[in-house]
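Please work through the following exercises with the sequence and the model at hand. Each task is followed by a solution in steps.

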Amino acid sequence: MLGAYLPIIFLVVIAAVFGFASLCFSSLIGQKKPSEVKLAPYECGCEPVGSARERFSVKFYIIAMLFILFDIEAVFLYPWAIIYKKLGMFGVMEMAVFIVILFVGYIYVWKKGALEWE
Amino acid sequence: MFENVWLIPLFPLIGFLINGFFGKKIKNEAVIGGIGTLMIFLSFLVSCGVLMQLIGLPAEQRVFEKVVFPWIHCGNFKADMAFLIDPLSAVMIMVVTGVGSLIHLYSIGYMHGEEGFYRFFAYLNLFCMSMLLLVLGSNMLVMFIGWEGVGLCSYLLIGYYFEKKSAGDAAKKAFVMNRVGDFGFLIGLFTLYWWFGSNHNIWTINFVEIKAASHLLPYGGVVTIATLCFFLGATGKSAQLPLYTWLPDAMEGPTPVSALIHAATMVTAGVYMIGRMSFVFIKSPETMMVVAVVGACTAIFAATIGTAQNDIKRVLAYSTVSQLGFMFLAMGVGAFGAGIFHLMTHAFFKACLFLGSGSVIHAMHHALHHGHLHDDAQDMRNMGGLKKYMPITFLTFLVSTIAIAGIPGFSGFFSKDEILWQAFANPYHGGLNIVLWGIGCIAAMFTAFYMFRLVFMTFFGECRINPKVKDHLHESPLVITIPLMVLGFLAVVGGYIGMPKLMGMLPNYFEHWLDPVFELANEYGKEYAHVGHHTHALEWGLMGLSVVIAVIGITIAFTMYMANNKLPEKFTSTFPALHRAVYNKWYMDELYDFLFVNPCKGFGNLLWKGFDVVVVDGIVNGVGKIFMGLSAGIRGLQTGYTHNYALGMTLGAVVIVALYIFR
Amino acid sequence: MDMLQFPANIAAAAGVNFAAIMPEVILSVIAMALLLVNVFINSEQKAYLGYLSLIGIVVTFFSVVSGWGAPQSGFNNSVLQDNFSLFFKGTFLVSAFLTILITDQYLKREECNWGEIYPLILFATVGMMLMASGTDLMTIFLGLEVLSVSLYVLAGFNRANLKSNEAGLKYFLLGAFSTGFLLYGMALIYGSTGTTRVAAIASYISQNGMVLSNPMLVAGMLLMAVGFSFKIAAAPFHMWTPDVYEGAPTPMTAFMSVGPKAAGFAAFLRVFIVALPAMKADWSELLWVLAVLTMTVGNITALKQTNIKRMLAYSSIAHAGYVLVGFTAGNAVGTAGVLFYMLSYAFMNIGAFAIIVLVGRKGEENNNVSDYAGFGFKHPVLGMCMSIFLFSLAGIPPAAGFIGKFYLFSGAIQAGYVWLAIIGVLNSAASVYYYLRVMVFMYMKDPTEEFDWLAVSPSLALCLLLSVAGVLIPGIVPGTLLDLAQKAILM
């Protein structure tokens, strides 16, 4: 019975090995020119040291909100896709309505300029 | 047409709204007056249509109820905005809209140049609407709305010249006296409603339903109480003893108002109300007697006062009170048809008389104004010999005077004689009938006397107006004389639709017309009627007698004011006390002041200074202070912090849930 | 592996019936269209959005009217468009219509002329309509959320004004908090009955009587009551009201005090009367207490207010209390009274707020009662309108407010709650004080400063006209409207 899960174990092992191997390989053959910035724990643009109560630009929130909204759309599409055939035309129409509603929002957001960073 | 009956009160309402809200901006008198007159005239046309349709129906089908919209439905209580069309209300709407139209037309000329012209027409339209609601209402509440509405309009119009103190006082007096009566009306309404509801589970104030259930009413008892209350309402509205004193004072209003409200329509509301509820009134012999006695007494009482007044409008006012007394006499002796008939003919000739007096006053005023004189334009002692200056006014006035005096061939004769005959012959009050008839006859004589006195003093003899301004006297414009002529014509011919059967020339159309309305009442009346039989000869004889009486009255007037001018002075000097008493209206106003007004004022002052200031104000202010303190306290809870609010909500929820779970 | 079985006609099986949600569909489509139009026009043309939304409301209103008398159920009984919901939908549409009429002038004055306000009002209305026609706790909750989220934004719409921001944030925080109570209550009800359909809850309880003694069900009922009480601003869950009403843009205050309150009552009535009739003894006891508290707290606190918006906020709390009296009675007269009252309250309150919009100055200035000194003389017509609204709020005939209170209280008396009616009447009498105080200022005090010329825009004048008509006509001729309300409560 557990045999059915064998491919998954293979996948896990291969992924672990591949990750470990690439890291080793890059440290063996790559050039090393360390600098302070490069040695810092994170290098995504945020200051790692200093007050944590920093103010973030409101733009981040907007992007985050919009991401969640459209992400949910995508999430919703998955279960729909699985039973798509059984739902037939009814399913198509329902999803069309759903997407149109989101699309209205999308156009609104776009025209309002919420997607532009500056 | 029946379906459109709601248009009848609607048109004047529209007129009121237009003139009331935009009249000030319109300014143009022709437009304002035109709208006002047109609206009531349109109502008149619709009323004609209703009447025609009603005539076309067989007599027993002449009842129609039109529910315009559901109004108040609450539990057992149900009152719709509904109109009742039957022969009685048809007569009334014809009188109100017909005479009303003429008086509106007249007012365009009479009120010309007055400040607040638009206000006058707005009120007049509003009055017509209320009056039409009153006569058309199919239940007591709609009637009551109209009843209050006409009272309000009367108040507004009496006080039209509100800058004059006397006008304001007169308006207040009219309003207060009417309120006393209205109180009675309401008590009567409640009594009837309560009695039917609690005894027979019939919760209704609808006239048709009450009529259908009226056989359940006992004779006397509760009916006497209810009807006496209703009658109190009627005495207030129709200026009967003891609530009549407001009507002569109401002459402070413009003359067309006196003609329309205080002669032709509103003051007859009490008569109409008794007619509308004849089947209730007749069930109480006591009330019928009270109505008859009050009517007869008022008729003679007011007639005597009328003999000594010098103000032309005041004479007419007392005459109106007296004639209303005749109508109540008719109602009280069970002659409902005759009462309504007199109501109608009276509307014609009295409106004509008032408008004629208005025409005279108008001319006098105009002339005196030219000479910058401050003589009283309404005092007959300043008039005389006007017939050559104002021929049309004179003629119409004379015709109406003959009608009211009761000379055969004119409308007043037919109706008044019918009343007197029925007062004599109707079988309800036994021996009292003769007395009532006698009082009526004497009152009729006084009527003939004072009316001809008025005519002689005003139109005949030498002209006593200041000679300086004599040339400025002239006939009124057409817009004033046309209504006069129409009403004068009606004052002559209006009676022929109700000729006594006895004369045999025409059937008594009018009585047959009203038969379906009063049939039931006559049926109930048989219960306690004294059977009697009267011969035709007797009827002829009494008719002749009443003519003689009228002629005697006229002759006295002629002797005193035409043939021998010294007689009146001689009379006053011979009986100074009597003259003073009559001239001062039997001191009724003073008596009322002594009996009611002053004690009330004293009591009021006592309540105000003693009870009100100390006790009531103390309690009220004390309670107020307590609540203000509480208010400040609760306000303190409102901190403005969101977390406090959230805490409050949570505590509330916890307390509620805990109480329920652990109880 | 195929666990999901679908019938041949999926749409029918899902109970798809667009007739049951036609007004909602129409209004949503129009709102979305407006949202799109909004971004393609410049700021001078924003007023057109107002006109378009008015047209949309009228169209929806026709759809509501045409549905009268023909109940439509759909989506597996999760919505039911019956006369009850249609009456309330009418009320919501009226309040949205009147609000939009007074919005334009306010926005221009406060320089926050953003077109989003119109779609937001429409979305809020859609939410309210869903609450009224929802027959499933979930539908009702979704409607409530659509409404609330729109309202949070509307309350804080004047974003340059600190008070408006405060209002929006407070409303959001406390609203979210109260939603927790409501949702928890719904969950407990679901837990104890196994269903969220209101009709099914009632039939489950009637078939399994012992569940009545289950504390879970009782707690669920109570928590739902708490959640709804927040929405209708009943004491002690009212404390957000004055702050939010005072800070929110005036037209939105008008809207919030009327529409959402009516929606709260619609859902409250539907859930308690249809789903929990078996617990009537329990909940009417609770409502009794809430009604007394709400009326008293609202009226007493209003006595001392100087800011007219705040005063009307407390007055609005008190009015919720009066309506709760009719709800407590739970009989035909009282319930019909609730419907009647909410509709007439829409007219009188929005009418009064229209005057406040007019008198107010930029930055929400001039909103003190003393600013109305001499108003009645300077602007006789507007003064008369305001007097009519205040008379109606105070419950003086012949205004609709009197008739409404009359039915609410007589319902209570018929149901045997004589004391409740007496407390209500006393409260009503106390309320006359602060309404008439405004009139005293309007007519008996001399103006402290010259009134500026008041620009009455045509739409505002229309709002006043409609409101006066809506107050006076049902006040003088209550029969027709009351008949409708009585037909509507046959749920």
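**Exercise 1: Chain B**

Chain B has 25 helices and two strands, where helices (H or I, at least four residues) and strands (E, at least two) are DSSP runs numbered from the N terminus. This is a predicted model, in which local features need pLDDT of at least 70, side-chain atom pairs count only at pLDDT 80 or more, and totals for chains, interfaces and linings use all residues. Residues are numbered from 1 along each chain as its sequence is written, while chains are lettered from A and ligands numbered from 1 in the order in which they are written.

Task: Determine how the radius of gyration of chain B relates to that of a compact globule.

Solution.
1. The radius of gyration is taken over C-alpha atoms, and the globule rule is 2.2 Å times the number of residues to the power 0.38.
2. For 663 residues the rule gives a value near 26 Å; chain B has 28 Å, which agrees.
3. Along the principal axes, the C-alpha atoms of chain B fill a box of roughly 105 × 65 × 50 Å.
4. Of the 663 residues in chain B, 52% are buried; a residue is buried if 20 or more other C-beta atoms, placed from the backbone, lie within 10 Å of its own.

**Exercise 2: Chain A**

Task: Carry out the comparison with a compact globule for chain A.

Solution.
1. Chain A contains four helices and zero strands, in the order α-α-α-α from the N terminus on.
2. A compact globule of 118 residues would have a radius of gyration near 13 Å, but the value for chain A is 23 Å.
3. The C-alpha trace of chain A spans about 60 × 55 × 25 Å along its principal axes.
4. Buried residues account for 0% of the 118 residues in chain A.

**Exercise 3: Contacts between chains**

Task: Which of the two pairs of chains that touch has the most contacts?

Solution.
1. Two residues are in contact if their C-beta atoms, placed from the backbone, lie within 7 Å.
2. Chains A and B share no contact, and their closest C-alpha atoms lie 22 Å apart.
3. Between chains A and C, 11 residues of chain A are in contact with eight residues of chain C.
4. The most contacts are between chains B and C. This contact takes 33 residues from chain C and 27 residues from chain B.
5. On the side of chain C that touches chain B, the largest share, seven residues, comes from H9(C).

Definitions and conventions:
Buried ≥ 20, exposed ≤ 12 C-beta atoms within 10 Å, placed from the backbone.
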